[in-house]
Structure formats: C-alpha cells, structure tokens
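Biologist: I'm new to this one, so could you walk me through it slowly? Please start with whatever term I'll need before we look at the strands.
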Amino acid sequence: MLHPDPATQAVTGGSAGIGRLDAIRIASAGFWGPVTAARALRRLLVLASGFLALIVVLSVLNILSRGELRDLRELTVVPGIPLAAALLSEMALRDGITQRTLLYALLGPAPRTVLAGTRTVLTAVLLAVGSATLLTVFHLLLRASFASWAQDMLAAAVGSLAYVALFGVLHLLTKRGLIASLALFATFDWAIGMLPFSIRLLSPSYHLRVLGKAPHAFPIPVFTEAAKSNPFLATVVLVLVAAIAIYMTGRLFARKNLPELC
Amino acid sequence: MSASNGKPWIELDGVDLARGGRPVLRGVSATLSGRAIGLVGANGAGKSTLIGALLGVLRAQRGRIRVMGLELPQHALEVRTRAGVMAEQAGIFPGGSGVDAVAYAGQLNGLPRREALRRAHRALDALGVGEERYRATDGYSTGMRQRCKLAMSLCHDPEVLILDEPTVGLDPAGRIQLLTLIRGLAEEGRRILLSTHVLHDAEFLCDEMLLLESGTVAYAGPVATLVDPGAGSMIAEGEGLDLAVVESLLAAGLDARLEEARTRTGSVTATRLRFLSHGDTDLTRFWAVVARHGAEVRRLRRDSVSLEDAVLTVMDGARERSRGGRS
C-alpha cells in the first residue's frame with residue numbers, strides 16, 4: 001500500500017497556498033499536457049508546414065509576385081491574426097471546460113486567476129509563434145530589412161496577445177464565443193479601424209495594422225486629417241487591451257460557476 | 001494527517017446551491033467524522049454538486065461548508081492541495097500512457113516533473129498496475145482506467161480522497177478488487193468520501209453515510225445506527241420466555257418486554273422477548289436470568305435491518321417530509 005511520502009508532503013502538504021511561480025508552472029503543465037497530446041494539433045502543424053512550403057515553392061517558381069507576397073504578408077497581420085485568434089482563443093479555457101480536460105487543473109491548488117492568465121498567454125504564444133513563422137517566411141522571400149522583420153515580430157506578439165485575450169473574454173461570457181468574436185471583429189473592430197476618421201484609434205485592428213505596416217482604409221473622401229497611430233502608440237494600446245482582457249478573464253473565471261465540470 | 005479520528009472533517013450547515021437557476025442542494029446540514037463516508041443518493045440527488053461544493057469548485061449561495069476544519073470557499077485552494085479527487089466526469093488524459101496520465105495529475109498538484117513521475121510509479125505499484133502502465137490509456141479496460149484514475153488522485157499523497165462513482169462500469173470481481181484497494185487506503189489513515197449509488201459499495205467501505213434525496217439530507221450518521229434503528233435492541237425466541245423472565249431482566253437493569261410474533265393474517269405464532277443490550281455485560285446478565293428461570297433460547301438476534309431496507313425507509317421518510325413541506 002501507499003504510505004505518505006515526506007518528499008511529497010514537503011511540496012504539497014499543509015501549505016495554505018503555493019507560490020505564484022509554482023502556480024504558473026502548474027497552469028502551464030495543465031495547458032501543454034492535453035495540447036501536445038491532441039492529434040488535432042499535429043494535423044494543424046502538418047497543414048501549416050504544407051502551406052508554408054507551398055508559398056515558398058510558388059514564390060521560387062515566380063507564380064507569386066513580390067506584390068502578391070507583400071499583400072499576403074499584410075493579410076497575415078490583419079485579418080490573419082485576429083481571425084486565427086478567434087479560432088484559437090477557445091483553447092485557453094472554453095475547450096477545457098466543454099471537453100472537461102480542465103477538471104484536473106481546477107481540482108488542483110493553482111488559483112483560477114493564474115490558470116486563466118497563464119492559459120491565455122500560452123494560447124497567445126502558440127498563435128504568435130505560428131504567425132511569426134509565416135511572417136518570417138515572407139520577409140525571407142521579400143528580402144526585407146531586419147528592422148522591418150523585428151517590427152513584424154512585435155506585431156505578431158502583441159497582436160496575438162491582445163486578440164487571444166480579448167476573444168477569450170467573449171468565450172467565457174458566451175458559449176458561442178467564436179460567433180461573438182467574429183461578429184465583434186467584423187462589425188466593430190475591423191470596420192471602425194478601416195474608417196479614415198479619428199475614431200479608428202478605438203480599434204485594436206487599426207493599431208495592429210499600423211504596427212504591421214498595413215495602413216489601408218476605406219476609400220472615403222475626408223476633408224480633415226484623421227488622428228494617426230504610430231508603432232509605439234500601437235504597441236502600448238495592444239498591450240493595454242491584452243492586460244485589461246487578461247484581468248477580466250481572470251476575474252470572470254474566478255467567479256464563474258462551472259456546472260459543466262461537476 | 002490532520003483529518004484525525006473522531007474529529008469532524010466535513011461540516012455542512014444549511015447549504016443551498018442552485019445550478020442554472022434550479023435548486024440542487026437545499027438546506028444540507030451534516031457533521032461527519034467517519035474514516036470512510038458514503039455519499040449515497042439516486043442519480044440527480046446532488047452528489048456531484050456537493051462534491052463540487054466541498055472542493056470549492058461550485059459555490060453555495062447560502063450556508064457554511066468546512067472541510068478538514070477549513071472554511072470554504074476561502075480555503076478552497078488548501079482543501080484542494082490536501083485532497084485527491086477521482087472525478088467520474090474526468091476522462092484519463094488522452095493520448096498518453098498510464099504513467100504519463102498519473103504524472104500529469106501529480107504535476108497539476110504541484111509536484112515537479114521528475115518527482116511526479118517517481119510518485120506516479122509508486123502509486124501505480126501500490127495499486128497493482130504492472131507493465132500496463134506504459135500502454136496508451138485509450139486501450140485500457142474499464143478496470144484499468146479506474147485504477148489509473150485512482151492513482152491519479154493518489155499521486156500527491158493526499159490526506160483526503162474524494163471518489164466519485166469509482167466502481168462504475170466494473171464487474172463484481174473488479175468492483176471488490178478496487179474497493180479492497182480503497183479500503184486499504186482508508187486503513188492507512190486517509191479519510192475517504194465515496195460518492196456512489198451502489199449501496200453494497202458503501203456498505204463494504206464506509207462507517208458513516210450521508211444520504212441525499214432530491215438535494216436534501218435524508219440521513220447523516222453512522223452506518224451502524226442506520227441498520228440498527230433499535231440501537232442495541234435484541235430479540236430472543238424460545239421456550240419459557242415469559243413475564244417472570246421479563247421482570248427479572250427489569251430487576252437486573254435491562255429494558256425488556258414481551259412481543260407477539262404474528263403471521264400476515266394476524267394470528268400469533270410465538271412469543272418473543274425484546275431487550276436492550278449495550279454490550280457484553282448486558283448479554284451476560286441476560287444469559288444469567290435465562291439460566292435462573294430454566295428458559296430455553298433457540299434464537300437470539302440483533303434487531304437490525306438490511307442496509308437497503310434501511311436506506312429505502314429513510315428515503316421514503318425524506319420524500320414524505322419533502323411533500324409535506326411543499327404542500
């Protein structure tokens with residue numbers, strides 16, 4: 001039979017709580033375990049690799065022109081990152097709730113706020129790595145400057161974080177988080193961001209486009225100069241959006257009764 | 001181990017909990033201190049909801065909950081650190097081997113990866129899982145899955161084990177095997193809460209029981225009291241057990257009376273003697289009186305009922321009370 005293990009008791013026994021770093025470590029283990037074991041992720045990796053290879057081959061064969069490559073790069077930033085975030089943000093918490101893989105993590109000692117925050121950030125990391133890889137391929141094919149590449153990496157990082165966090169809140173508020181995310185992006189965020197008016201400063205996608213050097217707007221004739229963002233302001237806004245959304249996710253998740261799990 | 005003998009480790013006081021606007025637990029109050037407590041009720045009685053509340057995963061709208069002396073939900077994290085949970089709803093971590101799954105559970109309870117792996121092997125050894133631990137869990141039999149889930153709940157050496165329907169889907173032999181393992185864990189000093197709707201499982205393992213009927217407490221207390229409503233009442237049958245014997249027993253300090261055993265139609269078939277015995281001393285006194293009167297006892301038995309009958313009786317009572325309360 002199993003007898004109490006002093007080594008284990010020292011780690012888990014009798015403590016009123018655990019350190020924040022330990023909680024983050026636990027939350028990370030809870031996230032990566034099911035993700036790395038999921039066959040869907042392996043299929044996604046194969047598909048993504050195939051897509052990258054196709055772009056390289058089409059570019060080398062001159063089927064894709066430099067202009068088309070530039071357009072594809074811009075589309076990767078917006079709407080690519082927000083749309084992928086709408087799909088992936090489900091992974092942070094909602095998937096775990098509906099598939100009950102979150103149950104063991106919830107029954108462990110890591111606080112819910114840490115679980116929510118860590119899982120959101122890790123989901124964003126997945127998206128950021130994916131989009132950064134794609135953007136890097138475009139930069140290599142376009143032979144763009146290092147500074148331009150670095151700015152795109154920043155766009156991939158903060159854009160992924162902001163949108164995964166933002167849509168993660170919607171996934172917690174409603175079971176139809178994907179539809180709500182797409183609706184929010186299409187009807188409010190993207191549409192306002194494309195207007196040649198100062199109100200576009202309220203749209204995260206506008207800031208992401210500025211950071212990702214894709215500053216298109218609807219061709220509406222305007223008589224006054226609309227306020228503009230710049231890479232620094234765009235970074236600050238997107239980080240702020242991410243911070244507020246992660247805070248809200250933590251608060252919502254901590255207070256949420258989860259009947260799906262018991 | 002702080003969940004010590006005799007000390008209540010589950011305390012519920014007027015707990016109300018609604019889910020999706022529907023009340024699931026209604027005024028649940030109980031103080032339980034058993035080594036192994038059976039949480040018994042029909043499907044939908046509120047067992048899983050109560051477990052969720054005991055772990056702080058679900059929040060009660062009203063009432064007080066204390067587990068191991070810790071108030072919930074304030075100390076939910078500490079309760080969860082000190083408890084191991086085998087949840088009916090949770091599947092085994094997909095895609096990995098048994099030992100991966102158990103180590104994963106250990107990591108989620110704060111163990112470093114290497115330590116979790118060491119503890120996983122230890123827990124699987126203790127539960128008699130051999131080389132199968134290296135096979136993918138997808139191909140496990142129900143019995144092996146349940147053992148693996150039990151190992152997952154044990155990996156971090158919890159003081160308290162909360163087991164939600166651990167024997168579901170097992171054949172009788174597998175059920176006894178798993179219950180015997182769990183009983184061994186209880187004998188080591190761990191406190192166990194066994195949620196089940198199989199009374200035999202609870203009878204095999206538990207010394208206390210919390211019976212839930214439609215979200216209310218039908219019974220909370222020792223199993224012995226449940227099956228022995230007469231609290232030490234004994235029935236003797238035989239020759240010469242008459243009023244003189246009863247008087248002698250009363251004089252000896254034993255509460256005794258004569259009863260008539262009747263057929264269904266009401267005709268008396270025999271006379272029997274009922275008396276209260278609180279231990280060996282009372283029994284010795286009884287036998288001394290019987291011998292003095294030259295009576296012949298052919299049958300002496302405790303006035304107990306089967307657990308199933310006892311549970312049905314209290315459940316019926318709870319249902320009646322519930323109906324009375326509503327009307």
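Modeller: Two strands are said to pair if DSSP finds at least two bridges between them. Please keep in mind that this is a predicted model.

Biologist: OK, then which residue does B:Arg19 stand opposite in β2(B)?
Modeller: B:Arg19 stands opposite B:Arg22, and the two strands concerned, β1(B) and strand β2 (residues 22–32) of chain B, pair in the antiparallel sense over seven bridges.

Biologist: And how many residues lie between β1(B) and β2(B) in the hairpin?
Modeller: There are two residues between the strands of that hairpin, and B:Gly20, which is in the turn, has a positive phi of about 60 degrees.

Biologist: What about β4 of chain B, how does strand β1 join it?
Modeller: Strand β1 (residues 10–19) of chain B runs antiparallel to strand β4 (residues 62–67) of chain B, and five bridges join them; in one of these places B:Ile10 has B:Val67 as its bridge partner.

Biologist: Zooming out, which domains does chain B have?
Modeller: The domain assignment gives domain 1 (10–97 + 151–227) and domain 2 (232–302) for chain B, and the centres of these two domains, taken over C-alpha atoms, are separated by 41 Å.

Biologist: Switching to rings: how many aromatic pairs are there over all chains?
Modeller: A search of the whole structure finds six. Among them is the tilted pair of A:Phe146 and A:Trp149, at 5.5 Å centre to centre with 40 degrees between the planes, and both residues lie in helix α8 (residues 146–173) of chain A, three residues apart, which is about one turn of the helix.

Biologist: Is A:Phe146 buried or exposed?
Modeller: A:Phe146 is exposed, because its relative accessible area of 63% is over the 50% cut-off, whereas A:Trp149 is partly exposed at 27%.

Biologist: Last topic, what sits over the ring of A:Phe253?
Modeller: The charged end of A:Arg112 does, at 5.5 Å from the ring centre, and in chain B, B:Arg183 lies over the face of B:Phe204, 4.1 Å from the centre of that ring.

Notes. Residues numbered from 1 in each chain as written. Chains lettered and ligands numbered in written order. Predicted model: local features only at pLDDT ≥ 70, side-chain atom pairs only at ≥ 80, totals over all residues. Heavy atoms only, no water. Domains from an automatic or database assignment. Helix = DSSP H or I, 4+ residues; strand = E, 2+ residues; numbered from the N terminus. Phe/Tyr/Trp six-rings, centres within 6.5 Å; stacked < 30°, edge-to-face > 60°. Buried < 20%, exposed > 50% of the residue type's maximum accessible area, 1.4 Å probe, protein only. Lys NZ or Arg CZ within 6 Å of the ring centre and 35° of its normal.
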